[in-house]
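This report goes through the fold of one protein chain, element by element. Keep the sequence and the 3D view at hand while reading.

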Amino acid sequence: MKRFLFILLGLLALSSMAASEKRPYVPPYTYDRYHITYQVRADGSYESTTEVQLKINTPQGIRLGGSQTVEYINSQDEVLSIEAWTIQPDGTKVMVPEASIRTQDEQAEESAAKFSDTKIKVIIFPNVETGSRVYYKARVNHHSPTYVGHFHDSTAFPTSAMWGDVRLSYAFPASMKIYEDKRGVQGGFERTENGFNHYSYKYSSVSASPAQRGRVYVSDYADHIHVSTFPDMVSIGKAYQDTAKPKAKVTEEIRSLAVKLTTGLSNERAKVKKLYEWVATNIRYVSVSLGDGRLIPHDAHEVLKNQYGDCKDHVVLLEALLDAVAIPSSPALINLGAAYKLAKVGVIQPLNHVITYVPSLDLYLDSTDQFSPFGLLIFEDMDKPTVLTALGKIGRTPRMLASENVGQVDLKMKIDSDGVVHGTSLVNYQGVPEIESRRIRFYEKSRSEQQVVKELLQRFNETGGGMMDFPEPERIDQPYWIRAKFYLNPVTNIPGRGGMMVPVGMGPGGIAWAGADDPLEKDFAFTCKSQTHRESYTIEFPANVVIDGIPKATSYRDEAVTYSSTYSVKGRVVKVNRRLAIQYKESVCGPDENRSWRAFHKVLQKDLRSQIFYR
């Protein structure tokens, strides 16, 4: 079951903006009460009663807390009752009328409703002001368990909120064996009564701190409680496999397609590549997060017929195609986001995605990303624990290596006698930078190129114009590059005496961007990328200019960062080469890495500020 308090997402985004060392942090609202009781039946179905009361602390809290949601799966759950009211600062109670409790479909793209079956009850509270309290009580009958005879539940408590009175109570049939994983939460088994084992947990937190950009997911760091009938993540993976494997049946149509696509290919890797590229290119991804009621894929033949599907459907179709040519694969349950830890007991959270693992190649594939060439994963998939459901074990996706994730640019610029710069650039990518660039260029194709170029130049306070050329970004079976031709309005005064920093033009500006992003102090775990930037610049000055001086070379090295820059001049031509390689031990960094980066950042900024002097 999923309940990681996503109602706080708006709170987290707002609090990160409001954070200030000089101004005390006040969360938009406080949880005065958070009570949930579960009455679990032997088949894993249950009835839940949720009571939530929030105190509105700020004007922002009115907007964020003035409506609340109750999410449920239409085919599995029945909302029995909802009662709600506002308590104004003077104690007056204002009931929420029935018309202000509205039913909505889950917010999703076209066709997603068929896959999600998720509904939302939206409670809109009246007369909310700073100092008000909003309260609701919702009873839901979860009559159809996803995995018969099993129950699992997860709650985490973000540090960006204040928690007053939290109580989670469970009543399980005495025949059910319960496993728990808790941190910072008090309680556990209490008593056996009338054939049920009762568990109760309490939590409170009187302080809060603002959310931070880049921080790992709440389940990795916050106090939490996981309760499950599954002893570990492998066991819940087996339950997934038992329901998903029958959906990967190889039909005659699927076999025919697999054979057609792989005819003439004797190498197993080549076959996997061809089938992966076909699914990634031809099966449109409909995004629905993994979770209760969303755990069973559609039949592979149905996905093939519809030509679209969510992550589970992508995996089940690719599995069937691979099976058709005798290549075993396994679904790999994973978190697509910033969670890098699994619970100690069997719960779905933080798993919200599934990709494909091919054991014979020790290779992970995510066909839901149409911009990932074969063998590459997006950053959010990398360095993550996985539950390999067909293999009955825990795996891990590859970590990010600087040597395999590279952006390389070669820029040539010629400055006219009036200071206007004319230039060309050639950019080549490897790994995550390639995926990210393909995605950006794909969606930018629907916009005016003039506007796109303008925004690229504005990144570093440059103006001008230009044009780009690149292959079709979605053709992941083709090499990828970007060529550009551009001009810049004068970046320095010519003729005359002056100094000029190296322009970025229409290059990706990876190193300049690293210098422009002033790093904050961080005392928490955050995500970090390992990658390499190589940048080569050739700048030809006009005939009426004499080069007086060029910057000194810079070199820097520590445990994670290697940086070098060189400058040379021959006549009126200046050549600049910069290389920045960042290799972290893993994709999660902490205060030590942050301090090291801050020290390097000063060196980098100084080098980027250095100027070419002329007269």
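## The disulfide

Cysteine 528 and cysteine 589 are joined by a disulfide, with 2.0 Å between their sulfur atoms; a disulfide here is a pair of cysteine sulfur atoms within 2.5 Å. A search of the whole structure finds 1 disulfide. The link of cysteine 528 and cysteine 589 is right-handed, with 85 degrees about the S-S bond. Cysteine 528 sits in the loop between β27 (526-527) and β28 (531-540), and cysteine 589 in strand β33 (residues 588-589), so the pair ties together parts 61 residues apart in sequence. Helices (H or I, at least four residues) and strands (E, at least two) are DSSP runs, numbered from the N terminus.

Cysteine 528 and cysteine 589 are both buried. Buried means under 20% relative accessible area, exposed over 50%, and partly exposed in between (1.4 Å probe, protein chains only). Cysteine 311 also counts as buried, because its relative accessibility is 0%.

## Basis of the model

This is a predicted model, in which local features need pLDDT of at least 70 and side-chain atom pairs count only at pLDDT 80 or more, while totals for chains, interfaces and linings use all residues. Residues are numbered from 1 along each chain as its sequence is written, and side-chain values use heavy atoms, with hydrogens and water left out.

## The mixed sheet

An open sheet of 8 strands, with mixed pairing, has the order β24-β25-β23-β22-β28-β32-β31-β30. Two strands pair if DSSP finds at least two bridges between them. The edge strands, β24 (464-469) and β30 (554-557), each pair on one side only. On average, neighbouring strands of this sheet are turned by 10 degrees against each other, direction ignored.

Within the sheet, strand β31 (residues 561-570) pairs with strand β32 (residues 573-582) in the antiparallel sense over 10 bridges. Lysine 570 has valine 573 in β32 as its bridge partner. Helix α11 (residues 449-458) packs on the sheet and touches β24 and β25; its direction makes about 115 degrees with that of β24. Helix α10 (residues 432-444) lies across β22 (406-415), β23 (421-430), β24, β25 (481-488) and β28, and runs at about 120 degrees to β23. For these values, contact means heavy atoms within 4.5 Å; axes are lines fitted to C-alpha atoms, for helices over the stretch in contact, and angles run from 0 to 180 degrees between N-to-C directions.

## The antiparallel sheet

Another open sheet has 5 strands in the order β19-β18-β17-β20-β21, with antiparallel pairing. Its edge strands are β19 (363-365) and β21 (393-396), each of which pairs on one side only. Here neighbouring strands are turned by 40 degrees against each other on average, direction ignored.

Strand β17 (residues 330-334) and strand β18 (residues 353-358) run antiparallel and are joined by 5 bridges. The bridge partner of leucine 333 in β18 is valine 354. Helix α5 (residues 233-244) packs on the sheet, in contact with β17, β18, β20 (385-388) and β21, and its direction makes about 130 degrees with that of β17.

## A helix pair

Helix α7 (residues 268-282) packs against helix α9 (residues 311-324) at an angle of about 145 degrees, with their axes 10 Å apart. Val272, Leu275, Tyr276, Trp278 and Val279 in α7 meet His314, Leu317, Leu318, Leu321 and Leu322 in α9.

The largest nonpolar core has 38 residues, of which Ile123, Tyr170 and Phe172 touch the most other members. Such a core is a set of buried Ala, Val, Leu, Ile, Met, Phe, Trp, Tyr and Cys residues joined through side-chain atoms within 4.5 Å. Elements giving two or more residues to this core include β1 (29-40), β10 (162-173) and β13 (196-205). The largest share, 6 residues, comes from β1. A second, separate core of 32 residues includes Val453, Leu456, Leu488 and Val545.

Histidine 198 is in strand β13. With a relative accessible area of 16%, histidine 198 is buried. Leaving aside neighbours within four places in sequence, histidine 198 is in contact with Tyr170, Ala171, Gly188, Phe189, Glu190, Arg191 and Glu193.
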